[in-house]
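This briefing concerns the structure shown below. Please read it alongside the sequence.

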Amino acid sequence: MKPPLFPLANERTMTRRAFVTGTASFALAALMAPHLRGALEKNTRFPSYPFTLGIASGDPAPDGFVLWTRLAPTPLLPGGGMSAEPVAVQWQVCSDEAMTRVVRAGTAIADAAWGHSVHVEVAGLEPARWYWYQFKAGSEVSAKGRSRTMPASGVEADKLRFAFASCQKYESGYYTAFEHLAREELDLVVHLGDYIYEKGPDEKAVRQHNGPEIFTLDDYRARYALYKTDPALQAAHAVAPWIVTWDDHEVSNNYAGDCPEFPDKTTRADFLLRRAAGYQAYYEHMPLRRSALPRGPEMLLYRRLEFGSLASFHVLDTRQYRSDQPQGDGVKTPGPGAMDPAGTMLGQRQREWLNANLEKSSAQWNVLAQQVMMGFLDSEPGPEVKTSMDKWGGYEFERRRVLRELRDQRIKNPVVITGDIHSNWANELVTDFDDAKAAPVGVEFVGTSISSGGDGGDHGKYSSDKMRAENPNVKYFNNERGYVYCEVTPKTWRADYRTVEYVSRRGALRLTRASFLVESGHSRLQRI
């Protein structure tokens, strides 16, 4: 069933400000790109409904947010079933759910060069309030979405409610966790990477990937389209603004900077072409600002977003700038390579940016939204130590440098939120994990996958007494699918680990397997 007709703005429903903004948007597009004037004047017709990939909003600010959609009548075909011509897409933002009070409106151009995607940076809205939005192309109307603005800078908000998620391999199961997330009362959703997976189909999988392993821009576009046709994912995007960052599978498993997973099988030049395709497709399918517009194999994704003075989100990119794993990939005993000062997850410029933003932050809670586990994990019982070289443990020198910065600069209430590992963890972070008496300088909540890894449920060796003795800073482990719900106030941070017992079939109930509390000023995890 198609959504209701796009409400027509008239003198009673459209404010003068909205009219001026919409007119300016229309005129600006025509002036900046005269060859696109035909798109603004043409009454476009589509072979079928063009908003098959849903809608989204993201990167909220006190005065606005980004609106996103992509036109794709036949989403899994090259070009999404669109011709090469640009298309005018109308948009409107309303202050009421019934869409009768239009406060912003305009026209954007969906161009074939960017997959007929639309990114609208809405500004001039009131801080700390909800809005509703919708798109129209030709006579077709999108579903209705809800978004909100951040509290104004310096304003102490009473509460922030958000969820974070990652790792949603389409083949591994259904997005039941997103169905439950869409019913939560949330101000934000933070996605920490592995939005798609790049490999070809697995005949034994619950659902099938569309085609072999992806390498070209058309390949990546079709894979995003497959994922975005999922109704649960669309519902989760429609209920609140998202803050997104990537991990590895948006390009290729365990890549590091310009180094592919298997450097003996591809050249650096070929890999950078693949990375450019992956980065462009990522931008085309995410609600990101123009500041993130990719330039070949480069894309600026690290940034800071503030929820008033309550929380500052420092969104990191631990893939694009990292050096190759100093000791190679896999689970190994850390050697001198892990303490090599040249080994980096963040790259010098991003690390300096992070340090500067943390030091000047006046937020009550400082959130590092990033990809791979920062806490120490020894996966080998007994005196021998083994850890994943693709995570922060493979870059021990830089991990200690980041954690010392939190300690030495007395950064207020650091909280790291993490994805990647397809399991739930709660960690206390110390500057030296070899020192059993070291005081925590922050906490880390690691969220499991939405679907990657399948049903899970077998907690295995990480739940054993021996493994807990090996890793005293690890306070919780769980191997089910789901997401983490967080409720933040000036005095406390509460994290609830929401899980589902299976994803191989539909209908799993939402469970809360564990809850932790952190008090402001105390980097200790209290299980409640």
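Glu428 is buried, with a relative accessible area of 5%; buried means under 20% relative accessible area, exposed over 50%, and partly exposed in between (1.4 Å probe, protein chains only). The model is predicted, so local features need pLDDT of at least 70 and side-chain atom pairs count only at pLDDT 80 or more, while totals for chains, interfaces and linings use all residues. Residues are numbered from 1 along each chain as its sequence is written, and side-chain values use heavy atoms, with hydrogens and water left out.

**Salt bridges**

- The whole structure holds 30 salt bridges, each defined as a side-chain nitrogen of Lys or Arg within 4 Å of a carboxyl oxygen of Asp or Glu.
- Glu428 meets Arg524 in one of them, through their side chains (3.4 Å, N to O).
- Arg524 is in the loop between strand E23 (511–519) and strand E24 (526–527), and Glu428 is in strand E18 (residues 424–429), so the pair links parts of the chain 96 residues apart; helices (H or I, at least four residues) and strands (E, at least two) are DSSP runs numbered from the N terminus.
- Arg524 is partly exposed, at a relative accessible area of 44%.
- Glu184, Arg494, Asp496, Arg498 and Arg510 form one network, joined by salt bridges that share partners.
- A further salt bridge connects the side chains of Arg268 and Asp258 (2.5 Å, N to O).
- Because Arg268 lies in helix H6 and Asp258 in the loop between E11 and H6, this pair ties together parts ten residues apart in sequence.
- Arg268 counts as exposed at 51% relative accessibility, whereas Asp258 is partly exposed at 28%.

**Nonpolar cores**

- The largest nonpolar core has 40 residues, and those with the most contacts inside it are Tyr175, Phe178, Leu181, Trp242, Tyr282, Leu288 and Met299; such a core is a set of buried Ala, Val, Leu, Ile, Met, Phe, Trp, Tyr and Cys residues joined through side-chain atoms within 4.5 Å.
- Elements giving two or more residues to this core include helix H3 (176–181), strand E11 (242–244) and helix H6 (268–284).
- H6 supplies the largest share of this core, six residues.
- Another core, of 34 residues, lies apart from it and has Met150, Val190, Val443 and Val484 among its members.
- Leaving aside residues up to four places away in sequence, Trp242 touches several residues, including Pro60, Phe178, Tyr195 and Leu233; contact means heavy atoms within 4.5 Å.

**Sheet and strand pairing**

- Seven strands form an open sheet in the order E12-E13-E15-E17-E19-E18-E20, with mixed pairing; two strands pair if DSSP finds at least two bridges between them.
- Strand E12 (303–307) and strand E20 (474–478) are at the edges with a single partner strand each, so one side of each has no neighbour in the sheet.
- Strand E17 (residues 414–418) runs parallel to strand E19 (residues 442–446), to which four bridges join it.
- Val415 has Val443 as its bridge partner in E19.
- Strand E3 (residues 87–94) pairs with E4 in the antiparallel sense over eight bridges, and Ala88 stands opposite Ile109 in E4.
- In strand E4 (residues 102–110), nine of nine residues are buried.

**His249**

- His249 is placed in the loop between E11 and H6 and counts as buried at 11% relative accessibility.
- Beyond its neighbours within four places in sequence, His249 is in contact with Asp194, Ile196, Tyr197 and Glu198.
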